[in-house]
Amino acid sequence: MPKDSGIGASSKRREDVRFLTGSGNYTDDINIYGQLYVHFLRADVAHAKLNGVDTKDAEAMPGVVRIFTGADFEAVGSIPCGWLITDRHGDPMQEPRHPVLAHGKIRHVGEPICAVVAETREQARDAAEAIVLDYETLPAVINMKDAVKADAPKVHDELTGNLCYDWGFVEDNKGAVDEAIKGAAHVTTLELVNNRLVANPMEPRVAVGEYNRSDDMHTLHTTSQNPHVIRLLMGAFVLGIPEHKLRVVAPDVGGGFGTKIFHYQEEAFVTFAAKALNRPVKWTSTRSEAFMSDAHGRDHVTKIELALDAENNFVAVRTETYANMGAYLSTFAPSVPTWLHGTLMAGNYKTPHIYVNVKAVFTNTVPVDAYRGAGRPEATFQLERVIDMAARELGVDPVALRRQNFITEFPYATPVAVEYDTGDYTATMDKLIDIADFAGFEARRKESEAKGKLRGLGVNCYIEACGIAPSNLVGQLGARAGLYDAATVRVNATGSISVMVGAHSHGQGHETSFPQVISEMIGIPEDQIDIVHGDTSKIPFGMGTYGSRSLAVCGSAMVRAAEKVINKAKKIAAHLMEASEGDIELKDGRFSVAGTDKSVAWGDVTLAAYVPHNYPLKDIEPGLEETAFYDPANFTYPSGAYACEVELDPETGHVKVERFSAADDFGNIINPMIVSGQVHGGIAQGIGQAMLEGCVYDADGQLISASYMDYAMPRAEDVPFYTVDHSCQTPCTHNPLGVKGCGEAGAIGSPPSLVNAVLDAINSGAGKKVAHIDMPLTPSRVWAAMQ
Amino acid sequence: MKVTMKVNGRAVSGEVEGRTLLVDFLRNDLRLTGTHVGCDTSQCGACTVHVDGKQVKSCTMFAAEADGAEVATIEGVAAPDGTLSSIQQAFQDHHGLQCGFCTPGMVMAAASLLKDNPKPTEAEVRHHLDGNICRCTGYHNIVKAIMAASGQEMPAMAAE
């Protein structure tokens with residue numbers, strides 16, 4: 001019988017009611033009396049010397065309050081980068097200044113140059129058209145390999161070139177890897193592009209700044225995945241506002257997928273301008289602005305070599321990747337192609353020698369940072385593609401080749417610096433073969449062939465590092481922050497509970513799943529427990545939600561705080577029942593004395609804590625509220641095996657995804673319904689990357705794909721029903737819930753199997769054999785490859 | 001100019017510019033913020049409402065064009081006592097939403113579909129949603145919820 005509440009129950013989401021009735025409170029729904037509107041005049045060229053800005057005519061337009069330019073922000077800090085990479089020679093990465101408004105130079109299409117503040121949005125927009133920019137267009141650098149040439153135009157004149165860093169990992173492995181490849185029986189080499197994507201949460205970014213002169217309090221309402229991180233970055237590094245004078249609120253947020261982690265110029269602008277003008281200032285991004293100002297994702301160009309011995313054992317992996325940083329370093333950009341990518345290059349396999357080289361490059365494009373999976377999809381894609389390619393070259397079954405090389409003993413220390421605590425890759429592969437009905441594939445292929453179509457089946461495995469992250473470790477790796485999280489469990493006098501959590505829910509359903517954990521621990525109904533999140537003035541602290549960390553890190557903090565509450569409550573219960581504390585048991589919301597029929601209800605104890613008439617005041621304080629900070633001991637390592645089945649029309653190159661199956665190991669699961677939903681959404685984004693989505697710049701740096709007319713988002717007709725399973729569970733060994741995280745798996749695990757399936761379909765036909773096609777696998781690319 | 005219309009059964013009026021979009025009138029003048037704006041090219045469908053019983057993207061219509069019309073938005077879908085409609089309830093039962101931003105448009109689109117086609121096939125549901133983008137759910141549970149709201153059995157593939 002499935003449970004109907006607590007851990008393991010598919011509790012229906014309580015937040016749904018407000019979203020289904022139009023009662024959500026998203027940032028754009030916030031309107032403050034007296035607010036002004038800002039419109040950003042953005043660059044329409046990729047690279048230019050900005051000689052001057054003439055705002056005179058615009059300032060005279062109706063409703064205009066003030067026009068800000070780069071000169072107004074000269075004394076203001078640079079938008080900071082949160083991660084410092086040390087390159088293979090021991091030198092720090094190159095780190096350019098990132099201004100709030102462009103000053104002296106324009107470095108990408110979409111960069112904000114002027115900010116027009118007016119009484120209405122339309123007035124601000126109209127006035128922006130009257131601004132005259134004086135600039136000289138410079139040659140743009142778009143292609144990464146061109147950008148690192150000695151004579152390439154420089155994105156930042158003050159830097160030595162466009163190379164941000166040249167990172168080797170693990171540098172000491174290099175010699176052994178080179179030797180192993182030289183002596184290998186077979187080496188498969190694959191050059192590929194991991195296409196640039198735009199995260200595209202359906203809610204565009206919004207920021208509303210407020211300032212109260214009477215107490216010098218700044219408030220920023222913003223579409224953020226991590227309000228405390230924004231408070232720290234913007235307060236300390238950009239505007240110089242101490243934490244106690246800066247409140248950051250992220251209310252209902254309409255999806256994030258990574259791109260709402262980062263601190264953006266628009267947030268700093270509205271906070272700055274609200275004080276300068278002593279009125280609230282609001283900015284709402286249009287979708288077109290989102291395409292040219294939200295940090296993009298992926299954009300790697302990679303060469304990977306997989307070396308095998310005569311028995312088809314993997315002996316070495318060597319990669320060289322060019323990773324696009326865009327024009328500036330976004331908040332976590334440098335960490336994505338390095339620590340979130342290089343550390344995962346072992347995948348699910350016991351390859352003894354691995355070396356990863358990453359060259360991060362500045363170009364005249366929008367900054368690139370974490371997008372769902374962040375580095376791990378790039379690692380998974382190249383590894384799982386090259387394995388499939390090797391299987392084809394060697395004439396062996398791709399599933400058997402993977403199985404033969406699986407890591408089977410845990411803990412397992414990889415040659416790329418991480419230690420997998422637990423997993424069972426054979427179990428997820430077995431499960432996949434069952435749920436994807438491999439046995440019926442040949443019959444389905446024959447049916448397709450009878451219709452003149454080709455059918456292909458592709459598989460891949462994945463591993464990811466989630467639960468980000470152990471602070472001491474990431475500190476050594478260049479993180480400029482700790483990556484713990486915090487929670488306060490506040491028990492009210494009548495026994496209901498408010499839990500203030502540092503994680504932020506923007507679709508993940510924390511308001512439902514977190515109370516399931518507390519309900520299980522204490523034995524009171526879920527509806528007696530509420531979650532408070534997204535407001536720095538209400539929660540103790542928090543590093544936010546990304547890297548599939550909410551439950552593994554913040555959930556662990558919540559469990560620790562709840563344990564403290566229970567321990568204190570047991571002391572009170574012992575006093576009330578005149579028993580020894582060691583004999584007190586808590587079950588189903590009642591404290592009892594072991595071996596007796598004495599008991600008191602949860603509510604009697606909580607009431608005693610707040611009305612301490614009969615209470616051990618000498619020994620413990622009144623009240624029942626505890627806070628815990630939790631810093632994880634290790635990453636968590638979700639893993640799984642995915643299969644995609646496609647039907648391909650050889651006449652047109654059109655690919656239809658017929659079946660998609662996912663067998664995941666997420667460790668323990670709190671709410672299976674929510675977990676399945678996370679996987680579904682991730683798979684759709686993976687199908688999008690593999691088949692539809694591509695962010696395209698022309699050679700001059702114009703963004704060609706800046707609307708939903710040009711950037712192909714997956715729609716309902718592009719995807720099938722998915723078959724997902726998460727019954728293979730090897731619980732995480734080092735956090736109290738045994739959970740691993742499930743938010744990114746679908747997006748990490750799905751692109752390779754789709755590409756593998758299309759190649760399987762093509763190569764099953766009588767026509768030309770094709771070794772690789774770069775994503776997205778549009779009909780034109782597929783058809784062209786087949787000719 | 002002055003516009004007058006009935007929104008969720010209530011007569012309303014307001015002063016708008018010629019260029020004011022229906023969605024901006026609903027959101028900014030009437031403070032009916034359940035209707036969302038997700039793009040500026042009439043592609044995403046987050047702003048879907050019904051105008052005189054027809055499914056319309058309210059970012060694609062001027063407020064002035066809706067003068068005299070009957071407009072239905074997400075705020076008017078549940079019963080006055082808060083009871084969810086069968087479509088809204090199916091979305092909750094089947095986890096047909098995550099961040100909730102596209103949800104009002106999805107519910108309005110689904111209501112329009114089921115009014116015209118009470119027992120749609122899976123393919124018909126997916127086709128009808130072509131103008132509504134969701135980035136969270138991968139559509140699986142949205143399609144499932146709409147099929148369930150129509151009172152039909154789930155295909156085996158949609159079991160999970």
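Tutor: A definition comes first: two strands pair if DSSP finds at least two bridges between them. Helices (H or I, at least four residues) and strands (E, at least two) are themselves DSSP runs, numbered from the N terminus. This is a predicted model, in which local features need pLDDT of at least 70 and side-chain atom pairs count only at pLDDT 80 or more, while totals for chains, interfaces and linings use all residues. Residues are numbered from 1 along each chain as its sequence is written, and chains are lettered from A and ligands numbered from 1 in the order in which they are written.

Student: Which residue is the bridge partner of A:Gly209 in S10(A)?
Tutor: The partner of A:Gly209 is A:Leu220. Strand S9 (residues 206–212) of chain A and S10(A) pair in the antiparallel sense, over 6 bridges. In their hairpin, 4 residues lie between the strands, and A:Asp216 takes a positive phi near 60°.

Student: And S11(A), does S10(A) run parallel or antiparallel to that one?
Tutor: S10(A) and strand S11 (residues 246–249) of chain A run parallel and are joined by 4 bridges. The chain passes from S10(A) through helix H6 (residues 227–239) of chain A to S11(A), a right-handed β-α-β crossover. Right-handed here means that, with the strands pointing away from the viewer, the path from the first strand over the helix to the second runs clockwise. A:Leu220 stands opposite A:Val248 in S11(A).

Student: How many residues of S10(A) are buried?
Tutor: In strand S10 (residues 217–222) of chain A, 5 of the 6 residues are buried. A residue is buried if 20 or more other C-beta atoms lie within 10 Å of its own, exposed if 12 or fewer, and partly exposed in between, with C-beta atoms placed from the backbone.

Student: Is A:Asn278 buried or exposed?
Tutor: A:Asn278 is exposed, because 11 other C-beta atoms lie within 10 Å. A:Asn278 sits in the loop between helix H7 (265–277) and strand S12 (281–284) of chain A. Leaving aside neighbours within four places in sequence, A:Asn278 is in contact (C-beta atoms, placed from the backbone, within 7 Å) with A:Tyr211 and A:Arg213.

Student: Changing topic, which residues of H16(A) are buried?
Tutor: In helix H16 (residues 602–610) of chain A, A:Trp602, A:Val605, A:Thr606, A:Ala608 and A:Ala609 are buried. They fall within an arc of 155° seen down the axis of H16(A), so they line one face of the helix. The arc is that of the directions from the helix axis to the C-beta atoms. Among the elements covering these residues are helix H14 (510–522) and helix H15 (550–576) of chain A.

Student: What pattern does chain B follow along the sequence?
Tutor: Chain B reads β-β-α-β-β-β-α-α-α-α, which comes to 5 helices and 5 strands. Of the 160 residues of chain B, 54% count as buried.

Student: How many residues of chain B are in contact with chain A?
Tutor: In chain B, 46 residues are in contact with 45 residues of chain A. The elements giving two or more residues to this side of chain B include helix H2 (86–93) and helix H3 (103–116) of chain B. H2(B) gives the largest share, 4 residues. By class, the side of chain B that touches chain A has 22 nonpolar, 17 polar and 7 charged residues. Ala, Val, Leu, Ile, Met, Phe, Trp, Tyr, Cys and Pro count as nonpolar, Asp, Glu, Lys and Arg as charged, and the others, Gly among them, as polar.

Note on methods. Two residues are in contact if their C-beta atoms, placed from the backbone, lie within 7 Å.
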